[in-house]
Amino acid sequence: MPGLQDADDATKEEKLKAALWYAIGQTVDGVALTQDLNATPHFIGGLSELVWAQIENVAQDIEEFAKHSDRQVINTKDVLLLGRRNEGLAQILKSQANAVREMANTATGR
């Protein structure tokens with residue numbers, strides 16, 4: 001039933017948003033304690049919404065990169081392409097991609 005699937009997807013999204021809110025709240029509280037600052041729940045909620053919107057944009061961009069290459073599966077090249085305009089991010093992504101590749105090679109004995 002399509003209605004049930006839509007409701008299930010909405011529930012998953014709500015759970016993901018709640019988990020994101022919690023994680024951001026924990027991070028902000030930790031930083032606020034070390035800096036002797038206070039963050040309001042309103043600030044944490046706004047930051048959570050901002051991060052959620054950014055995650056949605058990133059997901060759409062990566063999907064489009066894969067589609068542009070006539071693929072239905074997102075791969076490392078798509079993620080690296082995402083970071084192309086941010087030199088620091090690009091370096092981190094490349095480093096992580098290399099680490100994952102090395103672990104996979106070690107696991108398969110290559």
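## Helix H4

In helix H4, the residues Ala90, Leu93 and Ala97 are buried. They lie on the same side of H4, because the arc they cover around the axis is only 65 degrees.

The buried residues of H4 pack against helix H3, residues 76-82. On the face turned away from the buried side, H4 carries the exposed residues Ile92, Glu102, Met103 and Thr106. Helix H4 runs over residues 87-108, and its 22 residues should span 32 Å at 1.5 Å a residue. The C-alpha atoms at its ends are 32 Å apart, which agrees with that expectation.

Both ends of H4 have a local feature to record. At the start, a side-chain oxygen of Asn86 comes to within 3.2 Å of the backbone nitrogen of Gly88. Just after H4, Gly109 adopts a positive phi of about 80 degrees.

## Confidence

How high is the mean pLDDT of the chain? The mean is 92, and 95% of the residues reach 70 or more. By element, confidence is lowest in H1, with a mean of 89, and highest in H2, with 96. Where pLDDT is low, the predicted coordinates should not be read in detail.

## Salt bridges

How many salt bridges does a search of the whole structure find? The search returns three.

One of them joins Glu13 and Lys17, with the closest N and O atoms 3.8 Å apart. Both residues lie in helix H1 (residues 2-35), four residues apart, about one turn of the helix. Glu13 has a relative accessible area of 36%, so it is partly exposed. Lys17, at 28% relative accessibility, also counts as partly exposed. Another salt bridge is formed by Glu64 and Lys67, again with the closest N and O atoms 3.8 Å apart. This pair lies in helix H2, three residues apart, about one turn of the helix. Glu64 is partly exposed, with a relative accessible area of 45%, whereas Lys67 counts as exposed at 52%.

Arg71 and Asp78 also form a salt bridge, and here the closest N and O atoms are 2.8 Å apart. Is Asp78 buried or exposed? At 2% relative accessibility, Asp78 counts as buried, because buried means under 20%.

## Surroundings of Asp78

Asp78 belongs to helix H3. Which residues does Asp78 touch, not counting residues up to four places away in sequence? They are Ile62, Phe65, Ala66, Arg71 and Val73. Arg71 in that list is the salt-bridge partner of Asp78.

## Ser48 and Val51 in helix H2

Ser48 is located in helix H2, and so is Val51, the helix covering residues 41-68. Ser48 is buried, with a relative accessible area of 4%. Val51 has a relative accessible area of 27%, so this residue is partly exposed.

Leaving out residues up to four places away in sequence, Ser48 touches Leu20, Trp21 and Ile24. With those sequence neighbours again not counted, Val51 touches Leu20 and Ile24.

## Loop residues with positive phi

Where is Asp36? Asp36 sits in the loop between H1 and H2. Its phi is near 55 degrees, a positive value in a residue other than glycine. Asp36 is exposed, with a relative accessible area of 72%.

The loop between H2 and H3 contains Asp70. Although Asp70 is not a glycine, its phi is positive, at about 60 degrees. With a relative accessible area of 75%, Asp70 is exposed, because exposed means over 50%.

Technical notes:
Residues numbered from 1 in each chain as written. Heavy atoms only, no water. Helix = DSSP H or I, 4+ residues; strand = E, 2+ residues; numbered from the N terminus. Expected span 1.5 Å × (residues − 1). Buried < 20%, exposed > 50% of the residue type's maximum accessible area, 1.4 Å probe, protein only. Arc of directions from axis to C-beta. Contact = heavy atoms within 4.5 Å. Polar contact = N/O pair within 3.5 Å; in protein donor to acceptor, adjacent residues only side chain to side chain. Salt bridge = Lys/Arg side-chain N within 4 Å of Asp/Glu carboxyl O. pLDDT = per-residue confidence, 0-100.
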